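Have the sequence and the 3D view at hand.

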Amino acid sequence: MTVSEQSVVAEKRHDFADLASRPVLRRKRPGQLIAMVVVGLFAVMGGYVIVTNPGFGWPTVAKYLFDIRILNGLLTTIELTVIAMILGFVIGLVIAVMRMSDNSLLRGVAGAYIWFFRGTPLLVQMLFWGFAAVLFPTIGIGIPGGPMLVEWNTNDVLPLFVAGILGLGLNEGAYMAEIVRAGLMGVPAGQSEASHAMGFSRMETLRHVVIPQAMKIILPPVGNETISMLKTTSLVIVIGVGDLLYNTQQIYARNLQQIPLLIVASLWYILLTTILSLIQARIEKRYSRGNVLQARKA
Amino acid sequence: MSEVQFLNVHKDFSGMEVLKGINFTVEAGQVACLIGPSGSGKSTLLRCVNHLETTSSGTILVGGRMIGYEVHGDRLIEAHQKDINKRRSRIGMVFQSFNLFGHMTALENVMMGPVKLLKVPKAQAEAEARELLAKVGLADRTGHYPAQLSGGQQQRVAIARALSMKPELMLFDEPTSALDPELVGEVLDVMKALARDGMTMIVVTHEMGFAREVADVVAFMDGGVIVEAGDPNEIITRPQHERTKAFLSKVL
């Protein structure tokens, strides 16, 4: 073997012992840089338009952002969201448990409920509740076809706010039922079996064993539903409930500053959804009890 | 402790007969092992004892009383769910897949029955639960969640949970089948200690060593019937029936 042949062999053979003692280099990824430039360009263009186009009316936005009518509407929107979600969750839980019942009648009723409320547009349901007084001028308790025992004027006991809550909550219940059902079915059957073997009734098993563990599965979609509900509440404008969007409309109907006022409403919506997302993350963390990673961290 | 009597127990699973007339007695304080190939009906028979499975006909008596059924004229009728739950609460059950409640620590798992069902004050239940966990060798794991415990540790917590209800009878459904081989011993040791304390136990198992050492009576099941039953040494070392011989030659 000549000297030159020897050096070729040495070049090809790596000294792995020496390589192993040094840190690994990071390979350059030019695609990332290109993406950064493209995104940066779009951001600058977008920012330029937003700042220079007078149509956005930023001074008007600032003027109305904390307007008392806007804040009142905001409060109504929050109230609608909270109450409709609570109603929806309770209905969803009941319907889900009914759907998984041994009793075929209860299963049928639950199925019909979901079928009806998912099968018609929420907007139409909302209008129905708004016009409930047309369908039932009075409501009360009595014998079908016979005399009424108690009776009220529908418009007195069903103010528009309540009609809005019912429209949103009953509809939400149908979707929530499916979410809860998926959660209940996600808990292994062995958990219920162990509970039954200990002597717990079906209801006790649901309460102490199944629901606490189903929560981990149920909560992420419920968070999504809540965020979705916050925005869906704006549908109540069709029956004239004074929520954030309705009050915004009322203002721009007079001053014709549509775009700035819609920006005001959007800013509030996006602030609230951001807060809700943060709350969702916290609650999920709490319900992941028994999850190995979380428990180790704690 | 209670004796368990199986009187002509039959069970249909949608047309298929999985138990074909089981007659068998486990005396109070005895340990009975049910052995046999999978699909032979031994787990089903065990689950009939606390009415996790219904029977088609026949009777199972625990401490001389039926469970899951009551006499209605000249027939049997399924008992009220409340009565079934009450009977179940005095029969401990240990499952192949442990089935510890995943959202509760070991301690909470063991406290839960006494607190919620027997209305034992929390402090007292906790003290008893700690004692039970110490008895199964897990005094230092009380605050761990099931997911943080090994299979053998989970199964020992499950045994402590069953014992927390002060059972008159313990049912074990293949308690070591889901365990890594080196963890089997720790669970069997706990069961042996329990047997020494005089607990009535029915154990579905593939652990022939355990059956021979601990059981007072072994029943070999195949095809929904008890092929032969009796003294463990007799059955395991000198089986009389061909089916028993064939099975034992495979597992021993």
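Leaving aside neighbours within four places in sequence, which residues is B:Ile159 in contact with? Counting contact as heavy atoms within 4.5 Å, B:Ile159 meets B:Val94, B:Met170, B:Phe172, B:Val187, B:Val190, B:Met191 and B:Leu194. This is a predicted model, in which local features need pLDDT of at least 70 and side-chain atom pairs count only at pLDDT 80 or more, while totals for chains, interfaces and linings use all residues. Residues are numbered from 1 along each chain as its sequence is written, chains are lettered from A and ligands numbered from 1 in the order in which they are written, and side-chain values use heavy atoms, without hydrogens and water.

B:Ile159 also belongs to the largest nonpolar core, which has 51 residues. Such a core is a set of buried (under 20% relative accessible area, 1.4 Å probe, protein chains only) Ala, Val, Leu, Ile, Met, Phe, Trp, Tyr and Cys residues joined through side-chain atoms within 4.5 Å. B:Ile159, B:Leu133, B:Met170, B:Phe172, B:Met191 and B:Met201 touch the most other members. Helix H6 (residues 181-196) of chain B gives the most to this core, 8 residues; helices here are DSSP runs (H or I) of at least four residues, numbered from the N terminus.

Now turn to confidence in chain A. The pLDDT, the predictor's confidence in each residue from 0 to 100, averages 87 in chain A, and 92% of the residues score at least 70. Helix H11 (residues 189-198) of chain A has the highest mean, 96, and helix H15 (residues 292-297) of chain A the lowest, 45. Where pLDDT is low, the predicted coordinates should not be read in detail.

Definitions and conventions
Buried < 20%, exposed > 50% of the residue type's maximum accessible area, 1.4 Å probe, protein only. Helix = DSSP H or I, 4+ residues; strand = E, 2+ residues; numbered from the N terminus.
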